[in-house]
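The following note sets out comments on the model under review. The points proceed from the overall fold to the core and then to the charged pairs.

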Amino acid sequence: MDNTVKIWSMKEFWPHVEKPFTWTDLPSKFPTKYVQFPVFLAQVHSNYVDCNRWLGDFVLSKSVDNEIILWEPKIKDQSSGEVIIFLLKILFSIA
């Protein structure tokens, strides 16, 4: 409820994502992983974001104002962490 879209990398945790499908030990012994910080954060809406979907390398995000935005998350420079967001606003009135 902070008007942002966050993206986490699952690259280093992918073995843990697959592990539940073959887990045979007690559930309490499952090695839970906690990822606290996203690799990307963008504030592209002025109200709460209630839905988002990937469309190739682009993100479609929708706010509670029924505004849908198509945008591309880009990191300009890995060392500085500077982020550029390419926006293509598509406004829909959802009734």
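1. The coordinates come from a predicted model. In this model, Lys6 and Asp2 form a salt bridge, with their closest N and O atoms 2.7 Å apart. Lys6 is partly exposed, at 31% relative accessibility. Asp2 is likewise classed as partly exposed, its relative accessible area being 39%.

2. Secondary structure. The protein chain contains 1 helix and 6 strands. Along the sequence these elements follow the order β-α-β-β-β-β-β.

3. The protein chain has 95 residues, of which 21% are buried. Its accessible surface amounts to about 7400 Å², and carbon and sulfur atoms account for 57% of that area. If contacts between residues at least 6 apart in sequence are considered, 40% of them link residues at least 24 apart.

4. Nonpolar core. Which residues make up the largest nonpolar core? The set comprises 8 residues, namely Val5, Ile7, Phe40, Ala42, Val44, Val59, Ile69 and Trp71. Strands β1 (5–7), β2 (40–42) and β5 (67–77) each contribute at least two residues to this core.

5. Surroundings of Val59. Val59 is a member of the largest nonpolar core. With neighbours within four places in sequence set aside, Val59 is in contact with Asn52, Arg53, Trp54, Ile69, Leu70, Trp71 and Pro73. Two of these partners, Ile69 and Trp71, are listed in the core together with Val59.

6. Besides the pair described in point 1, the side chains of Asp50 and Lys62 meet in a salt bridge, at 2.9 Å from N to O. Asp50 belongs to strand β3 (residues 49–55) and Lys62 to strand β4 (residues 58–63), so this pair ties together parts that are 12 residues apart in sequence.

7. Exposure of the second pair. Are Asp50 and Lys62 buried or partly exposed? Asp50 is partly exposed, with a relative accessible area of 44%. Lys62, by contrast, has a relative accessible area of 17%. Lys62 therefore counts as buried, because that value is under 20%.

Conventions
Residues numbered from 1 in each chain as written. Predicted model: local features only at pLDDT ≥ 70, side-chain atom pairs only at ≥ 80, totals over all residues. Heavy atoms only, no water. Core = buried A, V, L, I, M, F, W, Y, C linked by side-chain atoms within 4.5 Å. Buried < 20%, exposed > 50% of the residue type's maximum accessible area, 1.4 Å probe, protein only. Helix = DSSP H or I, 4+ residues; strand = E, 2+ residues; numbered from the N terminus. Contact = heavy atoms within 4.5 Å. Salt bridge = Lys/Arg side-chain N within 4 Å of Asp/Glu carboxyl O. Areas by Shrake-Rupley, 256 points an atom, 1.4 Å probe, with all protein chains shown as cover.
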